[in-house]
Amino acid sequence: MLVRIFFFLIGFGLTIIGSVYIISYLNLFSIGYNFLEYVNFIIRQFECLCALLGILIMFLVVMVPGGKYNELHLWYFN
């Protein structure tokens with residue numbers, strides 16, 4: 001259970017870090033970037049990819065069933 005909480009917090013932290021960078025890069029619009037150039041720029045930045053990685057980690061922690069203990073999860077596999 002503590003391992004799942006640890007990985008959830010790691011995913012949450014990565015999501016926050018990536019989201020802050022994505023929001024801060026919105027300043028590129030003020031110097032003349034259009035939306036496609038903005039998206040092209042942020043998908044090449046590792047800091048912004050941390051947001052996607054964090055969301056993926058949190059999704060896996062919540063959705064994948066636990067080990068030998070009957071932990072709460074949203075998917076049920078037989």
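Predicted model: local features only at pLDDT ≥ 70, side-chain atom pairs only at ≥ 80, totals over all residues.
Biologist: What makes up the secondary structure of the protein chain?

Modeller: Three helices and zero strands, giving the pattern α-α-α along the sequence.

Biologist: Which helix gets the lowest mean pLDDT, and which the highest?

Modeller: Helix 3 has the lowest at 93, and helix 2, residues 35-42, has the highest at 95. The protein chain as a whole averages 87, with 83% of its residues scoring at least 70.

Biologist: Back to helix 3, then. Why is Val 61 called buried?

Modeller: Buried means under 20% relative accessible area. Val 61 comes out at 15%, so Val 61 counts as buried. Val 61 sits in helix 3.

Biologist: What does Val 61 touch, setting aside residues up to four places away in sequence?

Modeller: Arg 4, Phe 7 and Phe 8. Phe 7 is 54 residues away from Val 61 along the chain, yet their C-alpha atoms are separated by 7.0 Å.

Biologist: Val 62 is also in helix 3. Why is Val 62 called partly exposed?

Modeller: Partly exposed is the band between the buried cut-off of 20% and the exposed cut-off of 50%. Val 62 has a relative accessible area of 33%, so Val 62 falls in that band.

Biologist: What makes the nonpolar surface patch, and which helix gives the most to it?

Modeller: The patch of about 870 Å² is made by Met 1, Leu 2, Ile 5, Phe 8, Leu 9, Phe 12, Ile 16, Val 20 and Val 62. Helix 1 gives the most, with seven residues. Patch residues need over 30% relative accessible area, and Val 62 clears that cut-off with its 33%. As for the spacing, residues three or four places apart in an α-helix point the same way, because there are 3.6 residues a turn.

Biologist: Which residues of helix 1 and helix 3 are buried, and what do they pack against?

Modeller: In helix 1, Arg 4, Gly 11, Thr 15 and Gly 18 are buried, and what covers them includes helix 3. The buried residues of helix 3 are Cys 48, Cys 50, Ala 51, Gly 54, Met 58, Val 61 and Met 63. Those pack against helix 1 and helix 2.

Biologist: How do you know where Leu 14 makes its contacts?

Modeller: Contact is heavy atoms within 4.5 Å. Leaving out residues up to four places away, Leu 14 touches Cys 50, Ala 51, Leu 53, Gly 54 and Ile 57. Leu 14 itself is in helix 1. Leu 14 and Leu 53 are 39 residues apart in sequence and 7.1 Å apart in space, C-alpha to C-alpha. Across the protein chain, 57% of the contacts between residues at least 6 apart in sequence join residues at least 24 apart.

Biologist: Now for a loop residue. Is Leu 28 buried or exposed, and what makes you say that?

Modeller: Leu 28 has a relative accessible area of 14%, which is under the 20% cut-off, so Leu 28 is buried. Leu 28 lies in the loop between helix 1 and helix 2. Beyond its neighbours within four places, Leu 28 is in contact with Tyr 33, Tyr 38 and Phe 41. The C-alpha atoms of Leu 28 and Tyr 38 are separated by 7.0 Å.

Biologist: How much of the protein chain counts as buried?

Modeller: 22% of its 78 residues. The accessible surface comes to about 6,100 Å², and 75% of that belongs to carbon and sulfur atoms.

Note on methods: Residues numbered from 1 in each chain as written. Heavy atoms only, no water. Patch = residues over 30% accessible without salt bridge, like charges linked within 9 Å, V, L, I, M, F, W, Y side chains within 5 Å. Areas by Shrake-Rupley, 256 points an atom, 1.4 Å probe, with all protein chains shown as cover. Salt bridge = Lys/Arg side-chain N within 4 Å of Asp/Glu carboxyl O. Helix = DSSP H or I, 4+ residues; strand = E, 2+ residues; numbered from the N terminus. Buried < 20%, exposed > 50% of the residue type's maximum accessible area, 1.4 Å probe, protein only. pLDDT = per-residue confidence, 0-100.
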